[in-house]
Amino acid sequence: MYKNGDRYDIQNYRQISIICVFAKLLERLVFNKLLPFLHKNKILTEAQNGFRKGKYTETAVQSFIEIIQEALDKRIHSIGIFIDLTKAYDTLNHKVLLEKLSSCGIRGITNSCFKSYLTNRKQCIEINQSDSSNAMVRRYRSSCKEMKQGVPQGSVLGPLLFLLYINDLPLNTHGTNLVIFTDDINVLIMDRDVCALQRKIDRVIAELEIWFRRNDHIINVSKTGVMSFHNRQSKLLVKPQVIFNKFNPEYITETKFLGIYITETLNNKVEFQCTVISK
(Lines give C-alpha, C1' and ligand atoms only; values in the text may rest on other atoms or scores of the structure.)
Protein backbone atom coordinates (compact mmCIF):
# COMPACT_ATOMS: atom_id res chain seq x y z
CA MET A 1 0.00 0.00 0.00
CA TYR A 2 1.41 3.40 -1.03
CA LYS A 3 2.15 5.75 1.90
CA ASN A 4 3.76 8.93 0.58
CA GLY A 5 6.79 10.27 -1.26
CA ASP A 6 8.27 8.90 -4.47
CA ARG A 7 5.95 6.27 -5.95
CA TYR A 8 8.94 4.56 -7.57
CA ASP A 9 10.70 4.04 -4.21
CA ILE A 10 9.78 0.67 -2.69
CA GLN A 11 10.48 2.06 0.81
CA ASN A 12 7.37 4.24 0.44
CA TYR A 13 5.05 1.24 0.29
CA ARG A 14 3.63 -0.67 3.26
CA GLN A 15 2.87 -4.35 2.99
CA ILE A 16 -0.62 -5.43 4.04
CA SER A 17 -1.18 -9.07 4.90
CA ILE A 18 -4.21 -10.70 3.28
CA ILE A 19 -5.62 -12.85 6.09
CA CYS A 20 -8.47 -15.28 5.70
CA VAL A 21 -11.83 -14.39 7.27
CA PHE A 22 -11.80 -17.33 9.71
CA ALA A 23 -8.38 -16.29 11.08
CA LYS A 24 -9.59 -12.71 11.52
CA LEU A 25 -12.64 -13.93 13.44
CA LEU A 26 -10.40 -15.90 15.82
CA GLU A 27 -8.15 -12.86 16.24
CA ARG A 28 -11.19 -10.72 17.04
CA LEU A 29 -12.27 -13.16 19.76
CA VAL A 30 -8.81 -13.01 21.34
CA PHE A 31 -8.72 -9.22 20.96
CA ASN A 32 -12.10 -8.85 22.71
CA LYS A 33 -10.76 -10.83 25.68
CA LEU A 34 -7.30 -9.26 25.80
CA LEU A 35 -8.24 -5.57 25.65
CA PRO A 36 -10.63 -5.65 28.67
CA PHE A 37 -7.92 -7.53 30.60
CA LEU A 38 -5.44 -4.73 29.84
CA HIS A 39 -7.94 -2.05 30.87
CA LYS A 40 -9.04 -3.83 34.04
CA ASN A 41 -5.46 -4.27 35.25
CA LYS A 42 -4.36 -0.81 34.04
CA ILE A 43 -1.47 -2.27 32.08
CA LEU A 44 -1.31 0.23 29.21
CA THR A 45 0.81 3.29 29.97
CA GLU A 46 -0.91 6.65 30.45
CA ALA A 47 1.33 8.04 27.68
CA GLN A 48 -0.41 5.76 25.17
CA ASN A 49 -3.55 7.17 23.57
CA GLY A 50 -4.31 4.27 21.25
CA PHE A 51 -6.84 1.62 22.37
CA ARG A 52 -7.48 3.54 25.60
CA LYS A 53 -10.96 4.26 26.92
CA GLY A 54 -11.77 7.93 26.51
CA LYS A 55 -8.58 8.65 24.57
CA TYR A 56 -8.37 9.37 20.86
CA THR A 57 -6.14 11.24 18.42
CA GLU A 58 -8.01 14.40 19.47
CA THR A 59 -7.18 13.94 23.15
CA ALA A 60 -3.54 13.19 22.30
CA VAL A 61 -3.23 16.39 20.23
CA GLN A 62 -5.05 18.49 22.80
CA SER A 63 -2.96 17.29 25.77
CA PHE A 64 0.28 17.75 23.81
CA ILE A 65 -0.56 21.34 22.81
CA GLU A 66 -1.88 22.26 26.27
CA ILE A 67 1.45 21.20 27.81
CA ILE A 68 3.34 23.39 25.32
CA GLN A 69 1.04 26.38 25.79
CA GLU A 70 1.40 26.21 29.57
CA ALA A 71 5.20 26.06 29.22
CA LEU A 72 5.27 29.03 26.84
CA ASP A 73 3.11 31.07 29.23
CA LYS A 74 5.71 30.40 31.94
CA ARG A 75 8.59 31.25 29.55
CA ILE A 76 9.90 27.69 29.62
CA HIS A 77 11.86 26.49 26.60
CA SER A 78 10.10 23.56 24.88
CA ILE A 79 11.63 21.19 22.36
CA GLY A 80 9.44 18.64 20.57
CA ILE A 81 10.92 15.56 18.91
CA PHE A 82 8.60 13.76 16.49
CA ILE A 83 10.04 10.28 16.10
CA ASP A 84 9.51 8.10 13.05
CA LEU A 85 10.48 4.44 13.31
CA THR A 86 11.72 2.43 10.34
CA LYS A 87 9.27 -0.43 9.65
CA ALA A 88 8.00 -0.35 13.23
CA TYR A 89 5.58 -3.28 12.93
CA ASP A 90 7.99 -5.38 10.85
CA THR A 91 10.91 -5.34 13.30
CA LEU A 92 9.26 -6.63 16.50
CA ASN A 93 11.46 -9.27 18.11
CA HIS A 94 9.19 -12.27 18.82
CA LYS A 95 11.21 -13.44 21.84
CA VAL A 96 11.16 -9.98 23.41
CA LEU A 97 7.43 -9.62 22.68
CA LEU A 98 6.60 -12.93 24.37
CA GLU A 99 8.66 -11.91 27.41
CA LYS A 100 6.79 -8.61 27.60
CA LEU A 101 3.45 -10.41 27.34
CA SER A 102 4.55 -12.62 30.23
CA SER A 103 5.48 -9.58 32.32
CA CYS A 104 1.95 -8.22 31.67
CA GLY A 105 0.40 -11.40 33.10
CA ILE A 106 -0.15 -13.21 29.81
CA ARG A 107 1.55 -16.47 30.72
CA GLY A 108 1.21 -20.24 30.44
CA ILE A 109 -1.04 -21.63 27.73
CA THR A 110 -2.10 -18.15 26.60
CA ASN A 111 1.52 -17.14 26.05
CA SER A 112 2.11 -20.39 24.15
CA CYS A 113 -0.86 -19.57 21.91
CA PHE A 114 0.68 -16.21 21.06
CA LYS A 115 3.99 -17.95 20.36
CA SER A 116 2.19 -20.26 17.94
CA TYR A 117 0.49 -17.23 16.36
CA LEU A 118 3.83 -15.50 15.75
CA THR A 119 6.07 -18.38 14.68
CA ASN A 120 6.19 -20.45 11.48
CA ARG A 121 4.20 -17.78 9.64
CA LYS A 122 5.13 -17.47 5.97
CA GLN A 123 4.30 -14.82 3.44
CA CYS A 124 5.02 -13.79 -0.12
CA ILE A 125 4.70 -10.50 -1.99
CA GLU A 126 2.32 -10.19 -4.94
CA ILE A 127 2.31 -7.23 -7.32
CA ASN A 128 -0.19 -6.74 -10.12
CA GLN A 129 0.80 -4.81 -13.23
CA SER A 130 -2.03 -2.82 -14.82
CA ASP A 131 -2.38 -0.91 -18.05
CA SER A 132 -3.74 2.62 -18.52
CA SER A 133 -7.33 1.35 -18.17
CA ASN A 134 -6.50 -0.37 -14.84
CA ALA A 135 -6.89 -3.80 -16.43
CA MET A 136 -4.44 -6.32 -14.99
CA VAL A 137 -1.71 -7.21 -17.47
CA ARG A 138 0.59 -9.38 -15.41
CA ARG A 139 0.95 -10.70 -11.87
CA TYR A 140 4.29 -11.04 -10.09
CA ARG A 141 4.70 -13.21 -6.99
CA SER A 142 7.78 -13.80 -4.86
CA SER A 143 8.72 -17.06 -3.16
CA CYS A 144 7.35 -17.62 0.37
CA LYS A 145 9.61 -16.77 3.28
CA GLU A 146 9.19 -17.24 7.01
CA MET A 147 8.46 -14.15 9.10
CA LYS A 148 11.12 -14.33 11.80
CA GLN A 149 10.15 -10.96 13.27
CA GLY A 150 7.31 -8.46 13.23
CA VAL A 151 3.54 -8.77 13.35
CA PRO A 152 1.34 -9.00 10.24
CA GLN A 153 -0.01 -5.63 9.14
CA GLY A 154 -3.68 -5.86 8.34
CA SER A 155 -4.28 -8.26 11.23
CA VAL A 156 -6.60 -7.59 14.18
CA LEU A 157 -4.06 -8.39 16.90
CA GLY A 158 -1.02 -6.74 15.31
CA PRO A 159 -1.60 -3.14 16.51
CA LEU A 160 -2.45 -4.25 20.06
CA LEU A 161 0.65 -6.45 20.27
CA PHE A 162 2.71 -3.48 19.08
CA LEU A 163 1.26 -1.36 21.90
CA LEU A 164 2.34 -3.95 24.45
CA TYR A 165 5.79 -4.10 22.85
CA ILE A 166 6.44 -0.37 23.35
CA ASN A 167 4.46 -0.14 26.59
CA ASP A 168 7.57 0.07 28.78
CA LEU A 169 9.15 2.93 26.79
CA PRO A 170 7.94 5.67 29.20
CA LEU A 171 9.40 3.70 32.14
CA ASN A 172 12.81 3.89 30.50
CA THR A 173 12.85 7.62 29.75
CA HIS A 174 13.03 10.31 32.41
CA GLY A 175 12.60 14.09 32.47
CA THR A 176 10.32 14.18 29.44
CA ASN A 177 6.66 14.22 28.43
CA LEU A 178 5.75 11.41 26.06
CA VAL A 179 2.59 11.44 23.93
CA ILE A 180 2.13 8.18 22.03
CA PHE A 181 -0.59 7.08 19.66
CA THR A 182 0.12 3.48 18.58
CA ASP A 183 3.41 3.88 16.65
CA ASP A 184 3.49 7.73 16.69
CA ILE A 185 6.04 8.60 19.39
CA ASN A 186 6.34 12.26 20.34
CA VAL A 187 8.77 13.57 22.94
CA LEU A 188 8.56 16.94 24.69
CA ILE A 189 11.53 18.20 26.70
CA MET A 190 11.35 21.46 28.66
CA ASP A 191 13.46 23.65 30.94
CA ARG A 192 13.91 27.33 31.78
CA ASP A 193 17.68 27.17 31.48
CA VAL A 194 19.20 26.51 28.02
CA CYS A 195 22.19 24.59 29.40
CA ALA A 196 19.96 22.42 31.59
CA LEU A 197 17.70 21.86 28.57
CA GLN A 198 20.66 20.61 26.53
CA ARG A 199 21.65 18.20 29.30
CA LYS A 200 18.08 16.89 29.48
CA ILE A 201 17.97 16.36 25.73
CA ASP A 202 21.28 14.49 25.75
CA ARG A 203 20.10 12.23 28.60
CA VAL A 204 16.69 11.52 27.07
CA ILE A 205 18.19 10.71 23.66
CA ALA A 206 20.72 8.37 25.27
CA GLU A 207 17.86 6.59 27.07
CA LEU A 208 15.81 6.38 23.87
CA GLU A 209 18.75 4.98 21.90
CA ILE A 210 19.33 2.29 24.53
CA TRP A 211 15.65 1.29 24.51
CA PHE A 212 15.40 1.23 20.71
CA ARG A 213 18.61 -0.80 20.44
CA ARG A 214 17.44 -3.37 23.02
CA ASN A 215 14.10 -3.70 21.27
CA ASP A 216 15.43 -3.89 17.69
CA HIS A 217 13.84 -0.63 16.58
CA ILE A 218 15.56 1.83 14.26
CA ILE A 219 14.85 5.56 14.23
CA ASN A 220 14.27 6.93 10.75
CA VAL A 221 16.36 10.09 11.13
CA SER A 222 15.34 11.46 7.71
CA LYS A 223 11.66 11.47 8.77
CA THR A 224 12.23 12.44 12.42
CA GLY A 225 11.73 16.15 13.05
CA VAL A 226 12.63 18.52 15.88
CA MET A 227 10.67 21.66 16.70
CA SER A 228 11.54 24.53 19.02
CA PHE A 229 8.25 25.96 20.29
CA HIS A 230 8.16 29.68 21.04
CA ASN A 231 5.89 32.69 21.18
CA ARG A 232 5.64 34.81 18.04
CA GLN A 233 7.13 37.72 19.96
CA SER A 234 10.31 35.79 20.82
CA LYS A 235 13.40 37.31 19.23
CA LEU A 236 15.84 34.59 20.29
CA LEU A 237 15.02 31.10 19.04
CA VAL A 238 16.57 28.32 21.12
CA LYS A 239 17.77 25.34 19.08
CA PRO A 240 19.73 22.88 21.23
CA GLN A 241 21.74 20.16 19.54
CA VAL A 242 19.79 16.95 18.92
CA ILE A 243 21.76 13.90 17.75
CA PHE A 244 20.37 10.40 17.13
CA ASN A 245 22.99 7.76 16.33
CA LYS A 246 25.44 10.44 15.11
CA PHE A 247 22.80 12.04 12.85
CA ASN A 248 21.20 15.43 13.35
CA PRO A 249 17.43 15.52 12.64
CA GLU A 250 16.35 18.79 11.03
CA TYR A 251 14.62 21.56 12.94
CA ILE A 252 11.22 22.13 11.34
CA THR A 253 8.69 24.95 11.60
CA GLU A 254 5.57 22.89 10.84
CA THR A 255 4.63 19.23 11.11
CA LYS A 256 1.61 16.98 10.79
CA PHE A 257 0.88 15.67 14.26
CA LEU A 258 -1.77 12.92 14.36
CA GLY A 259 -3.61 14.40 11.39
CA ILE A 260 -3.35 18.06 12.42
CA TYR A 261 -0.72 20.54 11.33
CA ILE A 262 0.99 22.37 14.17
CA THR A 263 3.60 25.11 13.93
CA GLU A 264 6.43 26.19 16.19
CA THR A 265 4.36 29.17 17.36
CA LEU A 266 1.06 27.28 17.78
CA ASN A 267 -0.69 29.83 15.60
CA ASN A 268 -4.40 30.60 15.74
CA LYS A 269 -5.23 28.24 12.90
CA VAL A 270 -3.94 25.30 14.89
CA GLU A 271 -5.58 26.43 18.11
CA PHE A 272 -8.90 26.78 16.29
CA GLN A 273 -8.61 23.28 14.82
CA CYS A 274 -7.88 21.81 18.23
CA THR A 275 -10.83 23.64 19.77
CA VAL A 276 -13.14 22.24 17.12
CA ILE A 277 -12.05 18.60 17.47
CA SER A 278 -12.17 18.73 21.26
CA LYS A 279 -15.90 19.55 21.27
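1. Glu70 is partly exposed, at 44% relative accessibility. Here, buried means under 20% relative accessible area, exposed over 50%, and partly exposed in between (1.4 Å probe, protein chains only). A salt bridge is a side-chain nitrogen of Lys or Arg within 4 Å of a carboxyl oxygen of Asp or Glu.

2. A note on the source. This is a predicted model: local features need pLDDT of at least 70, side-chain atom pairs count only at pLDDT 80 or more, and totals for chains, interfaces and linings use all residues. Residues are numbered from 1 along each chain as its sequence is written, and side-chain values use heavy atoms, with hydrogens and water left out.

3. The salt bridge count comes to 3. One of them joins Asp168 and Lys100, at 3.1 Å from N to O. Asp168 lies in the loop between helix 5 (158-165) and strand 6 (177-181), and Lys100 in helix 3 (residues 94-103), so the pair ties together parts 68 residues apart in sequence. Helices (H or I, at least four residues) and strands (E, at least two) are DSSP runs, numbered from the N terminus. Lys100 is buried at 10%; Asp168 is partly exposed at 24%.

4. Asp191 pairs with Lys200, the closest N and O atoms being 3.2 Å apart. Asp191 is buried at 18%. Lys200 is partly exposed at 22%.

5. Now the aromatic rings. The whole structure holds 6 aromatic pairs. Rings of Phe, Tyr and Trp (its six-membered ring) pair if their centres lie within 6.5 Å; planes under 30 degrees apart count as stacked, over 60 as edge-to-face and the rest as tilted. Phe64 and Phe257 have ring centres 4.6 Å apart and planes at 35 degrees, so this pair is tilted. The pair links helix 2 (residues 57-73), which holds Phe64, to strand 9 (residues 254-257), which holds Phe257, 193 residues apart. Phe64 is buried at 0%, and Phe257 is buried at 2%.

6. Phe82 and Phe257 form an edge-to-face pair, 5.8 Å centre to centre with 70 degrees between the planes. Phe82 lies in strand 1 (residues 77-83) and Phe257 in strand 9, so the pair ties together parts 175 residues apart in sequence. Phe64, Phe82, Phe229 and Phe257 form one aromatic cluster.

7. Two arginines sit over rings. Arg28 has its charged end over Phe31, 5.0 Å from the ring centre. Arg121 lies over the face of Tyr117, at 4.6 Å. The rule asks for NZ of Lys or CZ of Arg within 6 Å of the ring centre and within 35 degrees of the ring normal.
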